[in-house]
Amino acid sequence: MSAPALTARSLSLAGCHDCGLLVRMPPAHAASCPRCRGTIHTRKVDSVRRCWALILAAAVLYVPANVFPIMTTTSLGSSRSDTIMSGVLYLLQTEWPLAIVVFTASVLVPLLKLLILGYLLYSVQTRSRRRPVDRTRLYRITEVIGRWSMVDIYVVTILVALVRLGELASVDAEVGAVFFGAVVVLTMLAAQSFDPRLIWDAMEAPSQGERPHE
Amino acid sequence: MSEDGPPGPGGVPANVPQAVVREGNGISLVWVIPLVAIVIGAWIAFRAISEQGPVVTIEFKSVEGIEAGKTRVAFKDLQVGRVTSINLARDLSHVVVTAELSPDLADHLTENTRFWIVRPQVTAGRITGLTTLLSGSYLAIDPVGDGDARDHFVGLDTPPVVTTSQEGSIFTLRSAELGSIDIGAPVYFRQVQVGEVATYEMDPSGQFITTQVFIRAPHDARVRSNTRFWNASGLDVTIDAEGVRVRSASLVSMLIGGIAFDNPDPSEPGVAVDESTIFTLFASQEQSEQPVYSIRQRYLLHFKTSVQGLAPRAPVVFRGIKIGRVVEVKLQLDPGTYEVRVPVVIEVEPQRLEIPDLDQQGARGRIQRLVANGLRAQLGRGNLLTGGLQVEFDVHTDAVPARVVLGGRYPELPTIPAPLEEITASVSGVLAKIERLPLDQIGRDLSASLVELRDVLKETNQLASGFNETLLPALSETLDRLDSTVGSLDAMLAEDAPLPLELRRALQDVGEAARSVRVLSDYLEQHPEALIRGR
């Protein structure tokens, strides 16, 4: 990758996202397809800003998602509200492998996603040229693994629907679950709005720094 | 990575069209998302902080069934808080429960606020807290707004009978002994349970027991200045000079005791009272129904006869109306004269005589006047069943003059022999008369009569023997003749005798005739026309 690589953008070309027509891009960023009128971008629109905004929102909601209980289990009258961490600690006493799974999926992964995306954005903004392949891989992992955090929400919804035994046992979703779901969705959206091509744009910057990144 | 189609690097086919330029838009709306997130987060944080209720610590001797983080604090079955942690006290003497309460209660945490643990409880009187079998124990709070605010409390060991949220009044009763009353025992008004015994305690002097009863609204208004409370506990069996009495208010009060109250005279409603009024708790309904007299005087009586059946508490009556009771019966030997006497101390309530404007001294003076007029005490049968004696007073105008003897511990009133003693006397008089009867003479006359009777019997005997000699032979002859007659009758009726044979034949003919008549009648029944037409 030492030599400047050819990209569609470096040739001022782009494929229409909708009809696939190859068009010549004007210097302006936004353009539309002459054939199907679809919007054409060489890079995802507003990628860095959107990603930052979504990460920020997710980071803000990450706090109530972990502070508030996500689920209340009532069995034989004694009810127990669990936050994610208290559930992990509870599992740690009985089934530690499960505790590790829950901790990884529900606490670590959203947090890592936020940190990784933040790092990628930062590196893109500073036009870092360090290990672009690893960074791209990091991004792919982030995008793939992110949805698995939703498992928590699925478990809660299934339990709430199934365990309806009145006084004997019942499970209720709590406000924390809403925040947690919001965090997962926001991080997924953030990962989607990030454009990994920006990592590589920096690599060609010295030779073709024709336009500032977005 | 990019196009494969173009023939060389940088060479783009010329027919690639130009994209249409678009105007860029200004500020991205994407920043609304973190803004909304921040607003939500801030609001949540604000709510969490503003809803942070007071945190209190409560001491308990035991926290059975209480779990940190799980157990709720409830008031009127509504959750108002949660136990957050449970710790041992430093000296291990008790457990300190920390609870977070709802902010609504912040103004109701005072020195009068009480906490207790609700568990299922089964007592003879009632079953409470059954729901906690399923829902688990919980901390109950009785919030009270009056008093100094505080955040450390000492939990009650047992649930209080009365909480401040219940409408009603607490009245104080005073009694000599507790009876079989327990906390939570029912309080009845005409056998309707209207309250409970809240607490009882020994007066510091040790002289009496103070019992506090809680009476629910609106029944607390039935407690008036003249209301009488009595112990309705258990089975009240009394056997005394007035007979045998068994009383019980209800099965529950039989088991755990109870208190009843009533207003003795409906025509006198009395005045309304507040909670500071102290009532007397009578030992029984009967006692409560008796008027209470402020003046009680003790007198001494001396009886010369046996007082068997006279016991303390035996009634003292005046013309059949109870005016007091016997306090003490003793046996006393006068060391000077060696005379054995039975001093009986009685307690009289002179007000029962309905003398207006009576005081302690006036009563004594009037008793002296009455004695001068012939007031005497005597023993009487109180109860024929139990043989109990009572002291009876009456004015005997023909009695030997006597006076009240003063100087001893109690003034001594004169006595006269009991009617019982008089009866004994008259019975012995009857016996004496019986003794005077000429029993010897009667015996002699009787034996003479017996001799005459024997003569009469002898003559009867002779008559019977004459009868034997003359009549019996003739009788036997007659019997012989009767016997032969029967024999010839027998021969006539024998199997082969002509008479029975003919008789049998005649009977057979009659039978045949009857059969043909039946046949005829059957035929006629089916063919009635045969009567006219013939067969």
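Residues are numbered from 1 along each chain as its sequence is written, and chains are lettered from A, with ligands numbered from 1, in the order in which they are written. Because the model is predicted, local features need pLDDT of at least 70 and side-chain atom pairs count only at pLDDT 80 or more, whereas totals for chains, interfaces and linings use all residues.

Helices (H or I, at least four residues) and strands (E, at least two) are DSSP runs, numbered from the N terminus. Of the 214 residues in chain A, 35% are buried; of the 535 residues in chain B, 20% are buried. A residue is buried if 20 or more other C-beta atoms, placed from the backbone, lie within 10 Å of its own. Among contacts with a separation of 6 or more, residues 24 or more positions apart account for 63% in chain A and 66% in chain B. Two residues are in contact if their C-beta atoms, placed from the backbone, lie within 7 Å.

The average pLDDT (the predictor's confidence in each residue, from 0 to 100) of chain A is 81, and 90% of its residues score at least 70. Within chain A, confidence is highest in helix α6(A) (residues 175-193), at a mean of 88, and lowest in helix α8(A) (residues 205-208), at 51. The pLDDT is below 50 over residues 207-214 of chain A, a stretch that has 10 contacts in the model beyond near neighbours in sequence. Where pLDDT is low, the predicted coordinates should not be read in detail.

Helix α6(A) also packs with helix α3(A) (residues 96-125): their axes come within 10 Å and cross at roughly 30°. Axes are lines fitted to C-alpha atoms over the stretch in contact, with angles from 0 to 180 degrees between N-to-C directions. The two helices are therefore roughly parallel, a term for angles under 35 degrees. The crossing is left-handed, meaning that the near helix is turned anticlockwise from the far one by less than a right angle. Residues of α3(A) in the contact include Pro110(A) and Leu114(A), and those of α6(A) include Val183(A) and Ala190(A).

In chain B, strand β11(B) (residues 168-175) pairs with strand β14(B) (residues 209-216) in the antiparallel sense over 8 bridges; two strands pair if DSSP finds at least two bridges between them. Phe171(B) has Val213(B) as its bridge partner in β14(B). Strand β11(B) also pairs with strand β19(B) (residues 278-282), in the parallel sense over 3 bridges. There, Thr280(B) is the bridge partner of Arg174(B).

Note on methods. A residue is buried if 20 or more other C-beta atoms lie within 10 Å of its own, exposed if 12 or fewer, and partly exposed in between; C-beta atoms are placed from the backbone. Angles under 35 degrees count as roughly parallel, over 145 as roughly antiparallel, 65 to 115 as roughly perpendicular and the rest as oblique.
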